[in-house]
Amino acid sequence: MNDMSKDKNIDIQIYNFAYLDENTKRMIRRALLKALCIPGYQVPFSSREMPMPYGWGTGGIQVTSACLIPKDVLKVIDQGADDTTNAVSIRKFFQKTANVAVTEKTSDASLIQTRHRIPETKLKEQQILVYQVPIPEPLRFLEPRETETRKMHALSEYGLMFVKLYEDIAKHGHIETAYAYPVKTNGNYVTDPSPIPKFDNPKMNNNPAIQLFGAGREQRIYAIPPYTNVKSLDFEDYPFEAMKANFKCSICGSSDSYLDEIIVSDDGKRSYICSDTDYCKEQTQLNSKEEDQ
Amino acid sequence: MMQDFLFKASNISKYYGQNVGCKNVSLDINSGEVLGIVGESGSGKSTLLNCIYGNLKVDEGDILLNDKSKTILNFTKIDEPKLRLIQRSDLAFVHQNPRDGLRMNISAGGNIGERLMAIGHRNYGEIREIASSWLEKVEIDVSRIDDKPSTFSGGMQQRLQIARNLVTKPRLIFMDEPTGGLDVSVQAKILDLLRNLVRELGIAAIIVTHDLGVVRLLADRIIVMQNGNVIEAGLCDQVLDDPQHKYSQLLVSSVLQV
């Protein structure tokens with residue numbers, strides 16, 4: 001008969017550390033190393049079936065799984081928030097399969113998996129930021145042939161990327177692309193920054209943290225090493241602009257963090273709050289401290 | 001001088017397995033000259049055109065281009081990035097079907113601007129200005145600059161394709177049946193436009209067609225092809241007025257007189 005203590009260990013025994021088996025993790029690490037050596041280059045990898053649907057961050061989870069070590073402190077965010085379904089379930093997944101410590105504080109985390117945001121708090125050396133990527137190929141909707149896009153990357157033929165920006169200006173009078181805004185990594189490969197708002201684009205540039213990108217369905221991994229030049233594409237007469245809603249957070253009052261728009265009543269009243277919940281909490285605490293003094 | 005030619009292809013052969021695409025074809029062209037390639041369907045005209053443009057790998061032969069800096073480039077020897085750059089800057093290719101040569105879901109201005117952006121233009125205002133001036137040149141109303149080519153008529157699409165190709169001021173333009181599939185009045189208009197542009201800009205052109213009227217109007221010299229071989233070559237008027245080869249005679253005599 002099993003006693004209680006054995007039952008408790010079942011979770012850890014039936015899963016290898018961080019869910020994936022060691023050989024798979026090694027395969028992913030190889031892809032990651034290659035990706036770090038060629039910043040912005042999309043490395044194909046043999047993506048595994050994960051116990052959740054594509055679109056839930058299977059690429060990011062595999063990268064996180066390959067990077068995790070037992071003493072890591074994990075933070076998971078979805079659209080900046082720690083408490084949304086996607087973030088909660090992925091965090092629980094790694095608590096269960098890797099038994100690592102978790103946190104909501106950006107500065108305490110050693111590995112942050114993110115969907116669609118870069119935390120407002122500045123990242124530091126020794127931190128890893130893992131992005132979940134739906135479509136890794138920035139040229140995908142401009143040129144459907146994969147053989148052709150690969151060639152375009154190889155030969156740095158990026159005229160077409162500018163056609164997209166041209167079309168934006170012709171149609172809207174300014175560059176309308178607001179998320180997944182294409183960047184040039186290390187002056188070489190044009191890279192899709194995953195669907196982060198373009199407000200976050202400047203944070204990618206010269207960032208001390210390691211930025212890793214995993215696309216599960218598309219089976220691609222790419223990376224931006226620490227302190228790499230990342231430039232958002234633009235025209236001379238229509239320079240890149242990081243933009244956000246021109247309001248203050250109605251919880252913490254911050255005017256320089258990225259805001260979510262929320263409809264708060266049936267007649268369409270709006271409110272704006274920080275999308276980064278950790279940052280918002282921090283600001284609120286700072287404010288109340290100031291009030292106390 | 002020996003290096004006066006603009007473009008020279010010598011002994012080009014292309015095989016599709018057992019079948020001959022084209023065999024031992026040589027041609028040369030000087031700047032500002034228009035060369036017509038005529039022949040029946042399946043005679044290897046398009047294969048030859050794609051070979052000398054660099055789209056198809058040739059099995060034998062050399063293709064030489066005297067580039068802007070007077071260096072001779074051999075298409076069969078240079079590497080792909082260089083070839084693609086040359087194709088974008090010095091050469092142009094007008095397809096028979098504008099759908100092959102245009103991006104149908106991108107505005108007319110974007111279509112013209114693409115080649116400019118591909119060679120490094122990064123100023124929106126400038127690109128737009130150049131695009132407008134080219135729309136004017138090919139007689140498309142400038143107010144349609146933001147419309148998609150899918151809303152254009154066949155003739156307009158073909159004119160847009162021509163503008164898109166000429167915008168980077170190529171020195172040699174390859175055309176594969178540029179007026180095929182258009183009704184005669186529109187054909188006449190496009191031919192007129194092409195003739196003016198080619199003369200005005202001093203661009204050399206190689207035109208593949210089965211329409212002798214087109215070569216009569218545009219070409220200085222022609223070559224006649226059959227079964228992948230060149231069977232007759234010479235000045236346009238000479239070949240059309242006094243064809244020597246049996247097949248050329250047949251070709252000329254089968255033109256319908258109105």
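Chain A is divided into domain 1 (4-232) and domain 2 (244-293), with bounds that come from an automatic or database domain assignment.

Student: What should I know before reading the values?

Tutor: This is a predicted model: local features need pLDDT of at least 70, side-chain atom pairs count only at pLDDT 80 or more, and totals for chains, interfaces and linings use all residues. Residues are numbered from 1 along each chain as its sequence is written, chains are lettered from A and ligands numbered from 1 in the order in which they are written, and side-chain values use heavy atoms, with hydrogens and water left out.

Student: How far apart are the C-alpha centres of domain 1 and domain 2 of chain A?

Tutor: They lie 26 Å apart. Contact means heavy atoms within 4.5 Å. Here it takes 15 residues from domain 1 of chain A and 11 residues from domain 2 of chain A.

Student: How is the size of an interface given?

Tutor: Often as the accessible area lost when the parts come together. Buried area here uses a 1.4 Å probe and is summed over both parts. Domain 1 and domain 2 of chain A bury about 1,000 Å² between them, 44% of it on carbon and sulfur atoms.

Student: How many salt bridges cross the interface of domain 1 and domain 2 of chain A?

Tutor: A salt bridge puts a side-chain nitrogen of Lys or Arg within 4 Å of a carboxyl oxygen of Asp or Glu. The rule finds two across this interface of chain A. Elsewhere in the list of pairs, Lys281(A) forms a salt bridge with Glu104(A), the closest N and O atoms being 2.9 Å apart.

Student: Now chain B. Where do its domains run?

Tutor: Domain 1 of chain B covers 1-90 + 171-258, and domain 2 covers 99-169. Their centres, taken over C-alpha atoms, are separated by 25 Å. The contact takes 16 residues from domain 1 of chain B and 15 residues from domain 2 of chain B.

Student: What area do domain 1 and domain 2 of chain B bury between them?

Tutor: About 1,300 Å², 70% of it on carbon and sulfur atoms. Arg88(B), Leu193(B) and Leu197(B) supply 36% of the area that domain 1 of chain B buries against domain 2 of chain B, more than any other three residues.

Student: How many salt bridges are counted between domain 1 and domain 2 of chain B?

Tutor: The count is zero.

Methods. Buried area = accessible area lost by both parts, 1.4 Å probe.
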